[in-house]
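Please report on the packing and surface features of this model. Keep the terms defined.

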Amino acid sequence: MTNLRFSIQTTNRVHEKRLLARAGVPLLYAHWEGFAKSACEAYLGFVARQGLRYDQLKTNFVAIASKGAIREAGQSNRIQLYLNVIEFATFNQGNTGKFTLAGSIDSEDNLSSKVLINLLTTVGIYCDDFFTSRFLVLDGSLLKKRNEIAHGEKTEIDVVGYDQLHTLVFELTDYLKRRIETAAANGEYRRP
């Protein structure tokens, strides 16, 4: 991504600048979505390996563990399925927490601010002002332009616009990385 940014900034041909900037937006978005999903999955795996009991884990991790049973009960009128959910929540709190990593982190192929909030909630990380202050640019510029380009619309990206998106993606990925590292180091996955 840094090499692409450098190429955009240094080429003297205007049509090359436009071409590289336009091609770079979907790459920036893919970098952001892929990193966010992978980082959250890695953190979830880290928490799962701690071997803590459900009553020691924050409730978001208990929700992940019971998601399948809740979904199944919600699609049925069978009382036994609802009883299974209640019994899990009531009687399994002393058991070692086990949750499926596959499918727990879903970026929905459009990592909008709404989806980001859901990802952060899934792994128990508070969506603070750093993230929310960037939602307008995330949704209205990065995601919007990526979707337009990916769906074949003629969307022009200038060097300044590309540079702003590049900065946004690297700020978001770096901040998310630090938040996850801090959560892991401070045991923020534990129930207070």
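## Basis

This is a predicted model, in which local features need pLDDT of at least 70, side-chain atom pairs count only at pLDDT 80 or more, and totals for chains, interfaces and linings use all residues. Residues are numbered from 1 along each chain as its sequence is written, and side-chain values use heavy atoms, without hydrogens and water.

## Nonpolar core

The largest nonpolar core has 45 residues. A core is a set of buried Ala, Val, Leu, Ile, Met, Phe, Trp, Tyr and Cys residues joined through side-chain atoms within 4.5 Å. Buried means under 20% relative accessible area, exposed over 50%, partly exposed in between (1.4 Å probe, protein chains only). Trp32, Phe61, Phe131 and Leu142 touch the most other members. Helix 2 gives the most to this core, with 11 residues. Helices are DSSP runs (H or I, at least four residues), numbered from the N terminus.

Phe131 is in contact (heavy atoms within 4.5 Å) with Leu116, Leu120, Leu172, Tyr175 and Leu176, leaving aside neighbours within four places in sequence.

## Leucine 83

Leu83 lies in helix 4, residues 79-91. Leu83 counts as partly exposed because its relative accessibility is 37%.

## Arginine 18

Arg18 lies in helix 2. Its relative accessible area is 48%, so Arg18 is partly exposed. Arg18 touches Glu156 and Ile157, not counting residues up to four places away in sequence. Arg18 and Asn118 are 100 residues apart in sequence and 34 Å apart in space, C-alpha to C-alpha.

Definitions and conventions: Helix = DSSP H or I, 4+ residues; strand = E, 2+ residues; numbered from the N terminus.
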